[in-house]
Amino acid sequence: PPPAVAGPGTVARAAPGGDAAAQVQAAQAQQQRNIQAQARFLLVLAHVMKCQSGDCRVTECAPTKALVTQHTRQCRAGDQCTYSRCALSKRLMRHHRECQDQGCPVCLPLRRQLAQAKVAAGAGPLGGPPRPAP
């Protein structure tokens, strides 16, 4: 299962007097937003690990790169760390490394991006040998 996103807004709240169906629908909508946020942050983490630009135009690159390079790599507190986004970063990276579900909504955007990069680099779409030059 995708890792839980910690932070404000993770619990859906129904309006007072709302019925059970509306509460379930609100909870499902919040869960979908959480999954999308995790997928986006996983993409940012993957970008940060490769980005060499000092003038990157990806909005979250610089602050996330600072988190990863200055804190997360040395942190040993695991899920107990209170440093902003450290525990989330580690959970997402661990989840992606260990996830076997090819349709995982958290991992799928990154998997697609990695597959496109392989194709663009001349490798086969399933990680096979490079295609011969035309």
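1. Let me begin with Arg85, which lies over the face of Phe41, 4.1 Å from the ring centre. A charge sits over a ring here if NZ of Lys or CZ of Arg is within 6 Å of the ring centre and within 35 degrees of the ring normal.

2. A word on the basis: this is a predicted model, where local features need pLDDT of at least 70 and side-chain atom pairs count only at pLDDT 80 or more, while totals for chains, interfaces and linings use all residues. Residues are numbered from 1 along each chain as its sequence is written, and side-chain values use heavy atoms, with hydrogens and water left out.

3. Arg85 also forms a salt bridge (a side-chain nitrogen of Lys or Arg within 4 Å of a carboxyl oxygen of Asp or Glu) with Glu60, the closest N and O atoms being 2.8 Å apart. The pair links distant parts of the chain, 25 residues apart: Glu60 is in the loop between α1 and α2, and Arg85 in the loop between α2 and α3. Helices are DSSP runs (H or I, at least four residues), numbered from the N terminus. With a relative accessible area of 37%, Arg85 is partly exposed; the classes are buried under 20%, exposed over 50% and partly exposed in between (1.4 Å probe, protein chains only). Glu60, at 33%, is partly exposed.

4. Which residues does the salt-bridge network join? Asp79 meets Arg91 at 3.6 Å, N to O, and Arg94 at 3.7 Å. These salt bridges share partners and join Asp79, Arg91 and Arg94 into one network. Arg91 counts as buried at 17% relative accessibility, whereas Asp79 is partly exposed at 43% and Arg94 partly exposed at 32%. The whole structure holds three salt bridges.

5. Is Thr64 buried or exposed? Thr64, in helix α2, counts as buried at 3% relative accessibility. Leaving aside neighbours within four places in sequence, Thr64 is in contact (heavy atoms within 4.5 Å) with Phe41, Val44, Leu45 and Val48.

How values were computed. Helix = DSSP H or I, 4+ residues; strand = E, 2+ residues; numbered from the N terminus.
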